[in-house]
Amino acid sequence: MAKAKQEFKTEVKQLLDLVIHSLYSDKEIFLRELVSNASDAIDKLKFLSLTDKKLKDFDVKEKIFINFDEKDNSISVIDTGIGMDEDDLNDHLGTIAKSGTKGFLSQLTGDQKKDSNLIGQFGVGFYSTFMVASEVHVITKKAGNDKAYKWVSNADGTYEITEITKESNGTVVYMRLKDDAKEFCNKSRLETIIEKYSNHVPFQIFLNYMDETTEELSEEDKKANKEAKVTKTPKSELINSAKALWTIPKKDLKKSDYNEFYKNISHGEDEALSYVHTKAEGAIEYTTLFFIPKKAPFDLYRVDYQSGLKLYVNRVFITDDDKELLPSYLRFVKGVIDCADLPLNVSREILQQNKILANIKQASVKKILGQIKKVTKNKEEYNEFIKEFNRPLKEGLYQDYANRDALLELVRFKSTKVENGYQSLAEYKEAMGSEQKSIYYIVGDNEATLRHSPLLESFKAKDIEVLILDDELDDMIITSIDKYKDIEIKSVNRTDTSKDLDSKEDEKINKEAEGIVKKIKDALGDDVKDVRASSRLSDSPSCIVVDQDDPTLQMQNMMKAMGQAMPGDGTVKPILEINPTHDIITKLDKAEDKTTIEDVSRLLLEQAMIYEGMKLKDVHSFNARLNRVLKGFLA
Ligand code: ADP
């Protein structure tokens with residue numbers, strides 16, 4: 001095979017540049033990444049040896065070796081796993097398979113601190129080798145294939161693949177260390193790193209090295225090792241416990257064991273916010289270990305987001321790409337499900353219909369929600385969690401009817417009674433006065449505007465708390481809930497809530513204001529569904545609401561965005577509510593000039609629309625009106 005220099009794809013170049021230049025604080029993670037790849041490679045081969053005809057009964061050696069050579073200033077990570085063929089090398093080490101990577105790279109700011117946080121979430125994988133190595137060789141042979149290959153790069157933007165001979169399947173990642181990374185070529189340093197990150201990798205990890213007592217090789221071995229320039233028998237020491245963490249009884253594990261394991265599976269530095277480890281014994285036996293992260297990954301809302309949950313059958317890794325293991329709203333949970341009672345050789349479709357898995361899923365959701373509930377006890381910690389994960393929990397309210405009650409205790413809302421932070425429905429209920437019949441909320445797309453909305457004036461006056469819903473999903477979700485513990489949840493953006501507050505007062509006001517209401521109604525004509533006097537306003541002259549059964553503005557925007565037809569003729573007209581005691585309204589009542597009446601009426605509607613985040617249909621006439629009024633005012 002001819003040697004050919006190949007260029008890395010642009011995003012790999014970008015990533016390499018980043019890894020080399022901005023990630024120097026945690027160089028040691030390169031070993032964690034390589035051991036994790038080696039372990040995955042053995043996992044894959046183990047699975048195929050049980051399920052694939054071609055590799056059936058293949059003798060899988062479940063060991064990982066780490067060689068270091070002080071003279072050569074090099075470290076190699078060696079596995080006996082699945083290996084790679086030429087296409088794999090090009091696809092996996094020349095490009096970045098995850099399509100989210102481009103988006104990730106575009107989020108980088110150049111600010112080192114922020115960026116390394118992002119990188120932590122992303123995981124740098126194989127490319128982290130270039131933090132410590134000036135030259136990397138990947139010598140690999142795919143199990144079941146005859147051909148072997150060597151991939152070489154020195155991070156100059158190119159790599160080269162040549163065909164070589166290699167006896168056994170698996171991969172050697174050889175790294176010639178940079179001068180400033182020599183520290184890693186040291187037995188105790190390597191031991192410490194492996195213990196820290198890879199103690200519970202389920203395969204034995206041996207450290208191979210030379211020391212003074214190392215024996216000379218026999219002549220025969222010398223010949224065999226000539227190419228590798230090995231002249232002595234390396235010392236070999238087992239350095240990890242090689243036990244899958246989740247199979248160890250809870251009582252024998254420390255918090256630090258869980259945390260190290262979590263860092264390993266999340267490829268990050270953060271500890272988990274919380275974890276729950278359960279061994280279920282009964283009709284189905286299985287173990288689950290779930291971690292709730294502190295931070296949401298950057299790609300949580302992307303369609304190609306991969307959750308960090310792995311399915312094992314009796315410690316044999318099956319998949320980490322099954323969207324069905326947990327409901328999608330819990331996709332931020334990381335961890336392991338290991339069940340001995342599942343068949344090994346199953347397709348994804350069969351897994352999805354599997355009754356055992358369905359049972360495990362159901363129990364797992366309960367466990368995880370229960371664990372999140374425990375976190376709520378620490379308000380500060382929970383606030384941090386909510387900042388990251390309120391939205392997926394809200395998705396759950398919409399998706400998971402069976403667990404709605406549990407989820408209602410977990411979601412949080414901004415509120416007129418809380419400046420910074422969140423309110424739970426339970427707290428809202430607790431603080432409700434005995435007079436108050438419903439839970440109230442206001443929807444819109446901007447928190448600051450909502451906090452000053454005229455719609456809230458009477459609620460403020462009566463000291464009634466209103467939840468502030470400014471997330472685009474909110475309206476759809478809250479209208480699907482309807483009630484919390486038999487208490488109706490109502491939008492202040494609708495007509496009925498005004499009557500709710502004081503219906504007698506409302507009736508009286510409307511009677512008295514008949515004249516001015518008619519005047520405005522005539523001026524606005526078809527542009528509004530109705531005009532009413534309302535008791536809900538105190539400082540503002542007007543506001544708009546929607547009729548009880550009409551979709552709110554937020555909902556209308558959402559429906560439009562989703563390409564759904566609007567009810568009726570496609571436009572939902574607002575209802576204008578006026579404050580009959582306001583100066584503008586009382587003066588308008590006395591006004592006689594037709595243009596003035598029309599201008600002021602329209603401006604009352606338009607300012608209320610702006611408050612609700614609505615776009616004015618005709619900005620030109622709005623400006624003309626405003627200017628006429630200003631001119632009159634200055635005259
Ligand atoms: P990740 O492990 O997150 O997928 P990496 O950059 O670490 O990202 O690796 C990219 C891909 O290269 C892996 O998904 C795997 O397919 C392949 N790979 C890396 N190391 C090995 C190895 N030791 N054996 C077999 N395949 C490997």
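Mentor: Five strands, in the order E10-E11-E14-E12-E13, make up an open sheet with mixed pairing; strands here are DSSP runs of E with at least two residues, helices are runs of H or I with at least four, both numbered from the N terminus, and two strands pair if DSSP finds at least two bridges between them. At the edges lie strand E10 (274-280) and strand E13 (316-319), each of which pairs on one side only. On average, and with direction ignored, neighbouring strands of this sheet are turned by 20 degrees against each other; axes are lines fitted to C-alpha atoms, for helices over the stretch in contact, and angles run from 0 to 180 degrees between N-to-C directions. Please keep in mind that this is a predicted model, in which local features need pLDDT of at least 70 and side-chain atom pairs count only at pLDDT 80 or more, while totals for chains, interfaces and linings use all residues. Residues are numbered from 1 along each chain as its sequence is written, and side-chain values use heavy atoms, with hydrogens and water left out.

Within this sheet, strand E12 (residues 308-313) and strand E14 (residues 334-339) run in the parallel sense and are paired over 5 bridges, with Tyr312 standing opposite Asp338 in E14. Helix H11 (residues 355-376) packs on the sheet and touches E10, strand E11 (286-292), E12 and E14, its direction making about 40 degrees with that of E11, where contact means heavy atoms within 4.5 Å. Helix H2 (residues 29-51) lies across E12 and E13, and runs at about 90 degrees to E13.

Tyr312 also belongs to a cluster of rings, in which ring pairs link it with Trp246, Tyr258, Phe261, Tyr262, Tyr275, Phe291 and Phe317; rings of Phe, Tyr and Trp (its six-membered ring) pair if their centres lie within 6.5 Å, and planes under 30 degrees apart count as stacked, over 60 as edge-to-face and the rest as tilted. Over the ring of Phe317 sits the charged end of Lys310, 5.3 Å from the ring's centre, and a charge is said to sit over a ring if NZ of Lys or CZ of Arg is within 6 Å of the ring centre and within 35 degrees of the ring normal. The charged end of Arg391 likewise sits over a ring, that of Tyr301, at 5.4 Å from its centre.

Ser36 counts as buried, at 12% relative accessibility; buried means under 20% relative accessible area, exposed over 50%, and partly exposed in between (1.4 Å probe, protein chains only). If residues up to four places away in sequence are not counted, Ser36 touches Asn264 and His267; Ser36 and His267 are 231 residues apart in sequence, yet 9.2 Å apart in space, C-alpha to C-alpha.

H2 also lies across E2, E3, E7 and E8, running at about 145 degrees to E2, and these strands take us to another sheet. This open sheet of 9 strands has the order E1-E6-E5-E4-E7-E3-E2-E8-E9, and its pairing is mixed. Its edge strands, each pairing on one side only, are strand E1 (5-7) and strand E9 (235-238), and from one strand to the next the twist averages 20 degrees.

Strand E7 (residues 170-177) is largely enclosed by the rest of the structure, because 7 of its 8 residues are buried. Strand E3 (residues 74-79) pairs with E7 in the antiparallel sense over 6 bridges, and Ser76 stands opposite Tyr174 in E7. Strand E4 (residues 133-141) pairs with E7 over 8 bridges, also in the antiparallel sense, and there His137 stands opposite Tyr174.

The structure holds 20 aromatic pairs. One of them is formed by Phe65 and Phe206, which are stacked at 5.7 Å centre to centre, with 25 degrees between the planes. This pair links distant parts of the chain, as Phe65 lies in strand E2 (residues 63-69) and Phe206 in strand E8 (residues 204-209), 141 residues apart. Phe65 is partly exposed, with a relative accessible area of 23%, whereas Phe206, at 15%, is buried.
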